[in-house]
Amino acid sequence: MATDFWASSHHKRWIVDRATLRQARSDDLQYVDNPEHLAFLNIFFANLIAKLGKKLSLRQRVVATATVFFRRFYLRNSYCETDPFIVAAACCYVAAKAEESPVHIKTVVSDARAIFGEEYGIKTFPSDNSKLAEMEFYLVDELDCDLTVFHPYRALMSLCGQKPQKGASETEVGETDDSTADDGKMPYMAAPFQTAWFVINDTYRSELCLLYPPHLIGIAALYFSHVFSPTARAAMQASAAAHAAASTSSSSGASAQHGHPDPASRRSSRSTSSSSKKQQRPPTDLIGWLAGLNVSMSLVATIAQEILSLYALWDRYDEDAGKAADTSKVTPQRNANSLRGVKAGMASAGRSGSVLSGGSGSASTAGTPDEGASSEVVTPMFLVQLLLRMREARMADLAHPASGRPLAVNKRLERAQAAG
């Protein structure tokens with residue numbers, strides 16, 4: 001596995017621009033009434049993969065890797081020409097292997113059939129294990145065997161001075177220690193750190209993992225966690241003020257003793273100051289810390305704005321609507337600690353569900369959709385029906401093209417026919 005992101009296949013081949021994303025969805029756009037529905041599909045399938053990963057007892061990193069594999073696969077394929085449900089199951093199966101947490105193929109097939117059939121009415125998922133094994137080879141082929149994925153989690157831990165536990169390459173929520181951050185890193189605070197982790201989890205509901213390097217997403221998530229947390233801002237300002245006052249008093253005391261040069265006292269003061277420098281690090285304010293980073297602040301601001309747009313879109317997605325009224329079934333929703341409903345202005349109270357302000361959130365409305373302009377609520381069953389209609393229309397177009405000559409449905413068959 002490559003240890004340098006800039007030399008890895010992730011950076012060289014799987015960071016794309018928006019023109020590539022639009023080209024990847026060009027076929028799908030022909031079969032949808034509203035292009036925004038394709039953005040809802042990103043949320044739907046990310047939730048679906050997370051639900052299957054929970055059923056398989058996979059770690060969050062494995063679920064994130066599976067979601068990235070799914071995004072990469074549909075950079076080169078269309079929803080209307082494939083079965084995204086078996087692709088999602090194959091992504092979980094391959095990601096578990098890539099992250100050294102393998103699960104048996106029978107378990108993946110049985111759990112996927114149970115979730116897809118019971119909750120979404122998908123009865124066409126194959127019960128034959130060989131179908132998923134075949135899809136695994138197709139998936140790895142479309143990924144060009146590039147199974148190395150860098151996530152923002154490690155960047156977030158590095159920025160906050162957190163270290164993995166012994167014997168673990170990566171840590172999950174609640175597994176970090178309380179070690180002090182090193183020089184030049186953000187002082188560790190438990191609440192903003194966990195909130196930034198949850199924000200990173202939410203970003204996999206969009207295509208940010210294909211557009212930006214993971215460390216920029218980690219910085220944007222950390223920025224979110226401090227901007228929308230009044231307690232974190234107040235604590236950082238208070239610590240900075242206290243350190244400034246302490247440094248002023250120590251400098252004045254040193255200047256007062258400068259007229260009495262005692263060698264023993266000088267040696268003692270040097271040792272005391274050096275030990276204090278090793279034990280205490282001056283706290284860093286958020287603005288100064290961001291200014292000291294060697295990254296493009298415009299890109300960080302763009303990522304933050306796209307996260308806001310994601311939450312605005314997510315507010316119009318109802319995971320539970322249209323399902324049977326069975327309260328015993330617990331369906332996974334967005335993490336309770338995420339920034340749901342962050343659409344209000346900085347001076348006004350937001351909607352409930354935000355951990356940052358104790359049930360209310362606030363954010364800039366720039367770049368977010370107007371509530372009056374689009375108030376459509378999208379449900380999972382609507383998206384399932386949309387996928388079926390898209391595929392039926394695509395198959396009809398391939399069977400009866402305008403030229404009168406049927407086209408090859410399978411891309412691999414098309415390549416084999418072209419090769420002779």
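On a 1 Å grid over the protein atoms alone, a pocket is an open set of points with protein on both sides within 12 Å along at least five of seven lines, whereas a cavity is a set of points where a 1.4 Å probe fits but cannot get out, and lining residues have an atom within 4 Å of a point. Grid points are joined across faces, edges and corners, and a volume is the space filled by probe spheres set on the points. The model is predicted, so that local features need pLDDT of at least 70 and side-chain atom pairs count only at pLDDT 80 or more, while totals for chains, interfaces and linings use all residues. Residues are numbered from 1 along each chain as its sequence is written, and side-chain values use heavy atoms, with hydrogens and water left out.

The second largest pocket holds about 590 Å³ of space. Its lining comprises 19 residues, of which R18, L21, A39, N42 and E207 are the closest to the centre of the pocket. At least two lining residues come from each of helix 2 (18–24), helix 4 (36–55), helix 11 (208–211) and helix 16 (297–314), helices being DSSP runs of H or I with at least four residues, numbered from the N terminus. By class, this lining has nine nonpolar, three polar and seven charged residues, where Ala, Val, Leu, Ile, Met, Phe, Trp, Tyr, Cys and Pro count as nonpolar, Asp, Glu, Lys and Arg as charged, and the others, Gly among them, as polar.

Two cavities of 30 Å³ or more are present in the structure. The largest cavity contains about 90 Å³ of space, and the residues that line this cavity include H10, V68, F150, T203 and Y212; nine of its lining residues are nonpolar, three are polar and none is charged. The second largest cavity contains about 50 Å³ and is lined by L21, R25, N42, R71, Y74, L75, Y79, E207 and L210, a set with five nonpolar, one polar and three charged residues.

Most residues other than glycine have a negative phi. S57, although not a glycine, has a positive phi of about 60°, and is placed in the loop between helix 4 and helix 5 (60–73). C145 likewise has a positive phi, near 60°, and is found in the loop between helix 8 (129–142) and helix 9 (152–159). S57 is exposed, with a relative accessible area of 66%, and C145 also counts as exposed, at 57% relative accessibility, the term exposed denoting over 50% relative accessible area (1.4 Å probe, protein chains only).

Notes
Buried < 20%, exposed > 50% of the residue type's maximum accessible area, 1.4 Å probe, protein only.
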